[in-house]
Amino acid sequence: MDADAVRRSLSRIAHEIVERNHGTEDLVLVGVISNGDVLARRLAAKLTELEGVEVPAGAVDSSGHRDDQRPRLPGRCSDVPDISDRTVVLVDDVIHHGRTARAAMEALMEFGRPRAIQLAVLVDRGHRELPIRPDYVGKNVPTSAAELVEVCLSEVEGVDAVVIVEPGR
């Protein structure tokens with residue numbers, strides 16, 4: 001995906017969020033650190049532009065809730081707005097096995113009890129190991145188990161792009 005494809009995907013996701021939720025009332029976007037939080041801010045800005053109402057956005061660190069024994073990463077702090085009795089759209093860049101999404105949902109519960117959680121991802125690469133399915137998908141990208149999907153965002157790397165990388169190449 002090039003910058004235009006990323007922009008179009010995020011715009012489509014924003015429109016789908018508005019349609020499914022009948023507007024943006026009581027909506028909060030929370031992105032999974034890292035990259036998901038950047039995408040959540042972009043989507044919140046687009047939703048605010050579409051509906052004329054400020055949509056809060058935050059970030060959640062799921063690293064302490066993972067089931068694969070990865071250590072908690074230093075310097076990553078959650079910043080979650082009030083989610084109690086609100087619809088939370090959890091945003092991530094790529095969904096693969098579903099483990100990060102599960103961990104992020106668990107981490108969110110430390111900040112309150114949302115009315116509902118919806119999942120938005122820029123890229124769905126398949127290979128799920130948990131029964132988790134995103135509500136909003138920018139692009140489905142079939143990959144082999146060995147391939148990696150790298151998402152580059154202008155706020156971080158200076159360019160918007162999604163590329164498939166084969167390890168060792």
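This is a short tour of a predicted model, stop by stop. Residue numbers start from 1 along each chain as its sequence is written, local features need pLDDT of at least 70, side-chain atom pairs count only at pLDDT 80 or more, totals for chains, interfaces and linings use all residues, and side-chain values use heavy atoms, with hydrogens and water left out.

**Stop 1: two helices**

Select residues 3-21, helix α1, and residues 36-51, helix α2. Helices here are DSSP runs of H or I with at least four residues, strands are runs of E with at least two, and both are numbered from the N terminus. The two helices pack at an angle of about 60°, and their axes are 9 Å apart. Axes are lines fitted to C-alpha atoms, for helices over the stretch in contact, and angles run from 0 to 180 degrees between N-to-C directions. The pair α1 and α2 is therefore oblique; angles under 35 degrees count as roughly parallel, over 145 as roughly antiparallel, 65 to 115 as roughly perpendicular and the rest as oblique.

Now show the side chains between them. Residues of α1 including V6, L10 and I17 meet residues of α2, among them L39, L43 and L47. Contact means heavy atoms within 4.5 Å.

**Stop 2: T48**

Stay in helix α2 and select T48. Is T48 buried or exposed? Its relative accessibility is 19%, so T48 counts as buried; buried means under 20% relative accessible area, exposed over 50%, and partly exposed in between, with a 1.4 Å probe and protein chains only. A polar atom of the T48 side chain lies 2.9 Å from the backbone oxygen of A44 and one lies 3.3 Å from the backbone oxygen of V53. Leaving aside neighbours within four places in sequence, T48 is in contact with V53, E54 and V55.

**Stop 3: D85**

Go to the loop between β2 (57-60) and β3 (87-95), where D85 lies. D85 counts as exposed because its relative accessibility is 51%. Not counting residues up to four places away in sequence, D85 touches R113, P114 and R115.

**Stop 4: E155**

Finish at E155, in the loop between β6 (148-152) and β7 (161-165). With 45% relative accessibility, E155 counts as partly exposed. Which residues does E155 contact, leaving aside neighbours within four places in sequence? They are V38 and R42.

Note on methods
Polar contact = N/O pair within 3.5 Å; in protein donor to acceptor, adjacent residues only side chain to side chain.
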